[in-house]
Amino acid sequence: MHDTEDLEGTSRRSFLLSTGGLFTTAWLGTQWAAITAAAHHAEDMAAADLAAAPTWKGFQFLSESESKDVDAIAGQIVPSGRTPGAREAHAVYFIDRAMSTFFAAWSAEFRAGLAEFQAKFHALHPDVSSFAAAGSETQIAFLKSVDRTPFFETARLLTVLGMFSSPKYGGNTAGIGWKMMGFEDRHAFTPPFGHYDANYLGFVPYPEKPA
Amino acid sequence: MPARIFKPGDAVDFVVVGSGASGGVMARELSLAGYTVLVLEQGPRFGPGDFEHDELKYNFLNGITNDPVLSPQTFRDDPGATAKQPRMGNSLIYARMVGGSSTHFTANFWRFHEIDFHERSVLGSITGTGFVDWPISYRELEPYYAKVEWEVGVSGLAHASPFDPPRSKAYPMPPLPVKSSGVLFESGARKLGLHPFPAPMAINSQFYRGRPGCAHCGFCIGFGCEVMAKSSSLYTTIPEAEATGRCEVRPGSYVFRVETNALGRATGVAYFDGEKREHFQKARAVVLCANGAETARLLLNSSSARFPQGLANTSGTVGKYLMFNQGAGVHAMFEHELNEYKSVQVTRILHDFYDADPKRGFYGGGGIDARMGSQPIGWALASGGDLPRWGADFKDRLEGFRRSMVSTAHCTSLAVESNSVSIDPTLKDAWGIPAIRVTYKDHPDDLATASFLRDRAYDIMQAAGAKRVWKTDPQPRRGSVHLLGTCRMGDDPASSVVDKFHRAHDVPNLFLCDGSSFVTSGRGQPTMTIQALAFRAADHIGQFAKRNEI
């Protein structure tokens with residue numbers, strides 16, 4: 001339940017249309033097409049992002065064992081629980097896609113870092129087949145010992161990007177990362193925006209300059 | 001009137017390099033004054049329909065900013081070390097497009113205070129720094145601050161802050177609607193006896209000068225405005241310059257050298273077009289508004305037999321005294337929803353700690369604001385201090401997104417000679433032009449000031465009734481979007497690059513006007529002052545031209 005309610009259905013275009021005096025200057029007249037085009041474009045933005053989510057066709061970069069460990073790491077960075085975490089958002093799909101496309105320049109370093117992570121885990125827990133196969137407490141304890149390494153920093157960054165980037169990049173499945181945070185990708189909002197500004201009484205001037 | 005298109009070989013009165021905060025003003029003012037102006041912009045031209053709510057693209061894939069692959073830089077914090085390319089991105093970041101960084105700025109538009117211009121005289125020198133007075137006063141700049149507010153468009157409430165410097169006019173628009181962060185900040189600060197006030201923002205709060213008011217979409221910082229409410233050069237000064245019929249803005253035109261003749265006068269600029277073909281543009285005068293990083297680089301890359309240290313660099317100060325603005329903040333979570341992802345970044349600020357106070361034991365001052373922080377990705381990636389970075393506590397913080405806000409301190413950075421933009425000895429960009437090397441290490445007083453003000457922000461959030469407050473520590477700056485001080489203004493040609501009218505001491509028809517002209521850093525929000533300086537410079541340059549003094 002949200003504290004404030006935005007005008008459902010208020011599109012940026014209707015917002016603009018309701019703004020008084022729009023055609024009062026010649027200059028804006030020349031810009032009108034651009035602004036309305038932008039409004040239409042933005043109106044469709046959130047829906048378009050969801051619709052543009054790529055169809056999952058299997059891992060392109062990560063091997064099966066790598067993907068399981070990366071999924072488990074991401075799942076501890078943003079754990080599942082009352083609300084979805086990185087696993088439900090398919091952050092690992094995003095990571096695979098990023099490594100094989102727009103972040104390909106990082107891929108060798110990421111793979112080497114992951115191999116080092118796996119080797120270190122295996123040395124500490126030779127009886128457990130992989131990080132992904134370990135219990136949650138074991139995973140958390142191990143991550144605490146490596147959470148300042150460059151590999152972990154990269155994994156954290158990629159997990160966050162995989163949870164909260166536009167679904168068109170392959171993660172944030174069905175926008176569930178945004179829903180978990182309560183973020184809405186809209187083109188226009190109207191005040192009041194939250195609980196505390198709803199009852200603001202106005203700015204009271206100061207009587208005089210302080211000493 | 002349609003925009004002017006110059007023919008190849010046409011000489012122009014002024015070639016302006018860069019179309020951002022200052023380049024736009026320069027183009028508008030000089031073309032309104034009757035001169036022909038060609039603006040060369042290295043980046044593309046976008047319209048409002050091209051911008052998106054896409055954090056990955058804009059903040060991680062260089063959607064509109066300088067690309068570290070095509071335009072790489074190196075960084076070092078020790079002047080004796082070999083600079084290396086940062087692992088992620090460039091140190092000095094700017095929007096590379098028509099409108100420049102005025103397109104993606106947050107639009108905080110504080111004026112500098114009177115003290116900023118003569119602080120050295122009041123406080124005395126600071127060992128190991130280049131802390132000096134400006135050659136101009138607030139009084140001289142005041143009419144041009146008013147001009148920015150009225151002709152570019154700033155929303156605010158005049159005389160709301162008891163610490164505000166004198167002003168000749170009120171703001172042309174009322175402040176933007178207060179957000180919950182502003183209400184909480186105001187309430188906490190007033191309880192502590194402080195004086196919060198509505199933030200001046202270069203964003204329309206209502207229909208103004210042909211542009212609509214803000215749609216409150218929440219994507220200002222780092223993004224282009226989709227409704228043209230943000231007063232970016234792209235939507236304000238640039239179209240107005242073009243409307244004179246005397247100005248052409250030519251995107252995709254990367255200037256890499258200012259040419260000079262045997263008399264030591266600038267003859268024009270050499271640039272690459274979008275197909276990497278070289279051109280020469282002849283001009284009667286050259287105005288560099290390429291930002292505090294690229295203006296210095298361009299001069300250093302324009303050396304010649306007559307100017308072996310780089311153009312306009314007889315003083316040896318080109319590129320030196322780079323300043324960023326230090327800062328730090330707190331994250332606070334409240335009981336009810338704030339929904340800070342909506343609307344503009346900042347609606348309340350305070351200047352109670354603006355002035356330096358020798359009793360603190362270190363130099364510096366600043367402002368504190370109430371802000372939304374970032375949209376989801378930036379919000380989640382915030383780190384430092386005691387902010388949780390992963391696991392259950394991290395998840396709690398993410399789930400509290402709608403109940404949270406940030407309060408940030410924006411502070412001074414001292415001018416230190418070794419902090420600089422120089423030319424990397426080996427690295428070149430994708431056009432084969434020597435790349436920027438950044439050398440930067442914060443002065444200890446800058447970090448102390450940021451910590452001090454961060455603690456004041458903490459107190460304000462506690463007084464506002466926050467359920468939880470996390471402090472972040474001031475981080476040693478390894479880069480910035482505030483690119484200040486690399487071609488400092490001064491009366492003495494031996495210790496400064498431009499005079500008080502932004503004319504290069506060494507080259508009579510070369511003017512430099514952008515963040516590079518700054519002598520001190522101010523307290524954190526430089527664009528208002530960059531534009532006021534540009535209005536003032538353009539006024540004088542136009543008069544010089546009229547009197548045939550260029």
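A: In chain B, helix α1 (residues 21-32) and helix α12 (residues 527-546) pack with their axes 8 Å apart, at an angle of about 30 degrees. Axes here are lines fitted to C-alpha atoms, for helices over the stretch in contact, and angles run from 0 to 180 degrees between N-to-C directions. Helices (H or I, at least four residues) and strands (E, at least two) are DSSP runs, numbered from the N terminus. The angle makes α1(B) roughly parallel to α12(B); angles under 35 degrees count as roughly parallel, over 145 as roughly antiparallel, 65 to 115 as roughly perpendicular and the rest as oblique.

The model is predicted: local features need pLDDT of at least 70 and side-chain atom pairs count only at pLDDT 80 or more, while totals for chains, interfaces and linings use all residues. Residues are numbered from 1 along each chain as its sequence is written, and chains are lettered from A and ligands numbered from 1 in the order in which they are written.

The crossing of α1(B) past α12(B) is right-handed, meaning that the near helix is turned clockwise from the far one by less than a right angle. On the side of α1(B), the contact involves Ala21(B), Ser22(B), Val25(B), Met26(B), Glu29(B) and Leu30(B). The residues that they meet in α12(B) include Ile530(B), Ala534(B), Phe535(B), Ala538(B) and Gly542(B). Two residues are in contact if their C-beta atoms, placed from the backbone, lie within 7 Å. The residues of this contact divide into 9 nonpolar, 4 polar and 2 charged (Ala, Val, Leu, Ile, Met, Phe, Trp, Tyr, Cys and Pro count as nonpolar, Asp, Glu, Lys and Arg as charged, and the others, Gly among them, as polar).

Gly542(B) also provides a reference point for Ser71(B): their C-alpha atoms are separated by 34 Å, and the two residues are 471 apart along the chain. Ser71(B) lies in the loop between α2 (55-60) and β3 (73-76) of chain B. Ser71(B) is buried, with 22 other C-beta atoms within 10 Å (20 or more count as buried, 12 or fewer as exposed, and numbers in between as partly exposed). Leaving aside residues up to four places away in sequence, Ser71(B) touches Asn66(B) and Asp429(B).

Strand β13 (residues 420-428) of chain B pairs with strand β14 (residues 434-439) of chain B in the antiparallel sense over 5 bridges; pairing requires at least two DSSP bridges. Ser420(B) has Thr439(B) as its bridge partner in β14(B). The hairpin of these strands has 5 residues between them, and Gly432(B) takes a positive phi near 80 degrees there.
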